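Let's take a friendly walk through a structure, one step at a time. Have a look at the picture first, and then read on.

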Amino acid sequence: MPKWFMPLAGLTAVMFAAAPFIIARADYESTMGLVQKIFYYHMPSASMFLLSAVVCGIASARFLFRGSPRQDRVAYAAAELAVLFGAITLVTGPLWARKAWGVWWTWDVRLTSSLMGWMVAWAYLLVRKYGGPGSDKLAAGLALFGMANAPFVYISVNYWRTIHPKTSVVPTLPADMGTALWFSFVSFLLLFTLLLRLRVHLEEQRAKLDTLYLAMDE
Amino acid sequence: MRPSLTGICVLFLLVVSMPVACSANAPSRSAAQQPQPQPAPPSATDEFVPISQLPAQDQLPAAPLLVTAYAFVWVALMGYLVSVGRRLTKVQREVERLESDIAKGDRT
Amino acid sequence: MRIAWLVLKKDLTVEVRSLEIAYTTLFFAISCVLFFAFALVKEGKAPEDGAAGILWIAIAFAGTLALGRTFERERQSETLRALLMAPADRPAIYVGKLLGIIALLIAAEIVLVPLVAFLFQAPLLSHPFWLAAVLISGTIGFAAVGTLFSAMLVRARSRDVLLPVLLYPITVPVIIAGVRATAELLQPDVELALVRFWVMLLLALDVVFVTLALWTFEPLMTD
């Protein structure tokens, strides 16, 4: 593991420990009250979900067109993180929506395309696990299509009439809520980096195992 | 017939701007088919509405939802860390076993 | 482009000899629609707005079957490897196969549309030009992704299961747009601007998918 890993892990842990206090200090939002505080974990998770999808797509493209095995490992790790952060987003969202909108779920553009992107990430993992030989390339092809979905999820709220808040809400937040949000966002970003590096490490060890098995056979 | 990366980006930008150009025709029917949300100020989806009007509406208590949400986040993240950690120790143990086997094989 | 045309002609010639895929796909699509009819039509009354969704589901299922069968045939006669070894532009081979699948699906739709209109009492044929536009643009999008993934999966394990797993999430936007556009065409007071919007979206998706597929076909098909 690289040298920056443990210090960064320490910093991230501290930030996550501090986050609830900062979140508690932020003002209440007028219509939604307490439940709006889910926002401070929901929005960064969603961002990390989209980031994972994009990282997976870019790594897959580099793997497909340059054949770099390291990029393949990064793609696999990013896909798993996409499933993780996507799950967090798709659970915290409806929990918030139940109070804010009165419904657990609605088939508007953003929710539908997010769910679809999450399913693509799942499909990636299934292909890697059960696809047999050559599945790394198949999954890479799939990831490219999934990456095309990620920007669409982001801009969809701005161009369609949906029940989900637009992206223009974030820049217009007042100072205390903005601080809480960005603090949380940075924590999640650091966590994403850590988890990605950790997961890639696992893949590297697996690759090492494969070479050792090959060496044994000789 | 290999489209260049620049071509792809231009194409993608064109594609993204198409719904924008067409939404000027106002697909109004889709709005009517969506479930009506709880009464909330329409501007809340466009910009942040600071603490002011609106008394709290009658409904579900928010605390269980909030707690469940945060708890889920923590459980999911911890669960994932545990999963990766477990897989990692398994692989590392296997690596060590193989390495010692190979070393023993070299010695004999 | 000549190569694409040659591949298409080859597929059509082989198909016309036995019409195996055409018949089985068509039969599957028809039985799919009948299944929905048995399940959903109560006392001669069809569910509201059901026709659009059912039409597109039948197209999706039939399309998946057709894709699987087409590439299974290629795999069994090892012709895919021969195709790839030929001194032909890889993307052209993709285009040829894509056109074949589109032709097959359009043929299925020609049968399905009157059938669904009849079974579900839906005025599908009230705006034939727009319906054709919706169906063709949707079919292109679905087939573009489907052809790429089927070709990719030819040598994979569990390919029959994996094709829907890969294909359906990616084609969700196509299906949604297709269903919404078709449903709008079924309304008594059609808002053509809305239909045009959905068709534009479908065409945009077609462009994205075909471009991505052409770009990735070559690296995905090499060992």
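The radius of gyration used here is taken over C-alpha atoms, and the rule for a globule is 2.2 Å times the number of residues to the power 0.38. Keep in mind that this is a predicted model. For the 223 residues of chain C, a compact globule would have a radius of gyration near 17 Å, and chain C comes out at 18 Å, which agrees. Its C-alpha trace spans about 55 × 35 × 30 Å along the principal axes.

What is chain C built from? Of the 223 residues of chain C, 49% count as buried. Now take the contacts between residues at least 6 apart in the sequence of chain C: 84% of them join residues at least 24 apart.

Next, turn to where chain C meets chain A. Here 20 residues of chain C are in contact with 21 residues of chain A. On the chain C side, α6 (128–153), α7 (159–186) and α8 (192–221) each supply at least two residues. The largest share, seven residues, comes from α7(C). By type, this side of chain C divides into 16 nonpolar, two polar and two charged residues.

Finally, follow helix α3 (residues 69–100) in chain A. At 1.5 Å a residue, its 32 residues should span 46 Å, and its end C-alpha atoms are 45 Å apart, which agrees. Because 23 of those 32 residues are buried, α3(A) is largely enclosed by the rest of the structure. Just after α3(A), Gly102(A) takes a positive phi of about 85°.

Definitions and conventions:
Residues are numbered from 1 along each chain as its sequence is written. Chains are lettered from A and ligands numbered from 1 in the order in which they are written. This is a predicted model: local features need pLDDT of at least 70, side-chain atom pairs count only at pLDDT 80 or more; totals for chains, interfaces and linings use all residues. Two residues are in contact if their C-beta atoms, placed from the backbone, lie within 7 Å. Helices (H or I, at least four residues) and strands (E, at least two) are DSSP runs, numbered from the N terminus. Ala, Val, Leu, Ile, Met, Phe, Trp, Tyr, Cys and Pro count as nonpolar, Asp, Glu, Lys and Arg as charged, and the others, Gly among them, as polar. The expected span of a helix is 1.5 Å times one less than its number of residues. A residue is buried if 20 or more other C-beta atoms lie within 10 Å of its own, exposed if 12 or fewer, and partly exposed in between; C-beta atoms are placed from the backbone.
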